[in-house]
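My notes follow as numbered points.

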Amino acid sequence: MDNTGNTQLMGMKNLPRRESALHSEVEALRWAMENMLQHSTCQRFGTDCKELIAMLDDPHAWPSFATELERIETLRICFPEFSITHVPRARNQFSDFLAKNARSFHRELLFIGCSIPVWLPRPPQA
């Protein structure tokens, strides 16, 4: 998500199930970073996963994720001022809504934009 100025990009992709929820978080961040490089000057990311932030702070403490973290580190180099912050789930309801909806699609789904597409159900507070 890019909060610079008035532009805020959001994205969703129904990624295949991974070995664990943490693997899915890492894969989702990689996907978001790759797409932001193509669509935006976004340098700030948010997540409700504290473990993901810990992994990025100390990748050597997570040897089973070495390959995935190496890919993310390579992408980080492309961002002049990359940052990722913890956003508590209670304040991250919109992103959680998008993720749950993406998982419900049984065909490939990929979306990046500034507003909710008309074909996607609206979250209760939107």
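**Notes on the cavity and the helix contacts**

1. Helix 3 contributes the most to the lining of the largest cavity, with 3 residues. Helices (H or I, at least four residues) are DSSP runs, numbered from the N terminus. Lining residues have an atom within 4 Å of a cavity point.

2. Keep the source in mind: this is a predicted model, where local features need pLDDT of at least 70, side-chain atom pairs count only at pLDDT 80 or more, and totals for chains, interfaces and linings use all residues. Residues are numbered from 1 along each chain as its sequence is written, and side-chain values use heavy atoms, with hydrogens and water left out.

3. How many cavities of 30 Å³ or more does a search of the whole structure find? The search finds 1. A cavity here is a set of points on a 1 Å grid, over the protein atoms alone, where a 1.4 Å probe fits but cannot get out. The largest cavity holds about 30 Å³ of space. Volume is the space filled by probe spheres set on the points, which are joined across faces, edges and corners.

4. The lining of the largest cavity consists of Met-55, Leu-56, Pro-59, Leu-69, Glu-73 and Arg-76. Helix 2 (50-57) and helix 3 (66-76) are the elements that each give two or more residues to this lining. By class, the lining has 4 nonpolar, no polar and 2 charged residues. Ala, Val, Leu, Ile, Met, Phe, Trp, Tyr, Cys and Pro count as nonpolar; Asp, Glu, Lys and Arg as charged; the others, Gly among them, as polar.

5. Next, helix 1 (residues 21-39) against helix 3. Their axes come within 10 Å and cross at roughly 25°. Axes are lines fitted to C-alpha atoms over the stretch in contact, and angles run from 0 to 180 degrees between N-to-C directions. Helix 1 and helix 3 are therefore roughly parallel (angles under 35 degrees). On the helix 1 side, His-23, Val-26, Leu-29, Arg-30, Met-33, Glu-34 and Leu-37 meet Glu-68, Arg-71, Ile-72, Leu-75 and Arg-76 of helix 3. Contact means heavy atoms within 4.5 Å. This contact divides into 6 nonpolar, 1 polar and 5 charged residues.

6. Which way does helix 1 lie against helix 2, parallel or perpendicular? The two axes come within 10 Å and cross at roughly 65°. That makes helix 1 roughly perpendicular to helix 2 (65 to 115 degrees). Leu-22, Glu-25, Val-26 and Leu-29 of helix 1 make the contact with Glu-51, Leu-52, Met-55 and Leu-56 of helix 2. By class, the contact has 6 nonpolar, no polar and 2 charged residues.

Methods: On a 1 Å grid over the protein atoms alone, a cavity is a set of points where a 1.4 Å probe fits but cannot get out, and a pocket is an open set with protein on both sides within 12 Å along at least five of seven lines; lining residues have an atom within 4 Å of a point. Angles under 35 degrees count as roughly parallel, over 145 as roughly antiparallel, 65 to 115 as roughly perpendicular and the rest as oblique.
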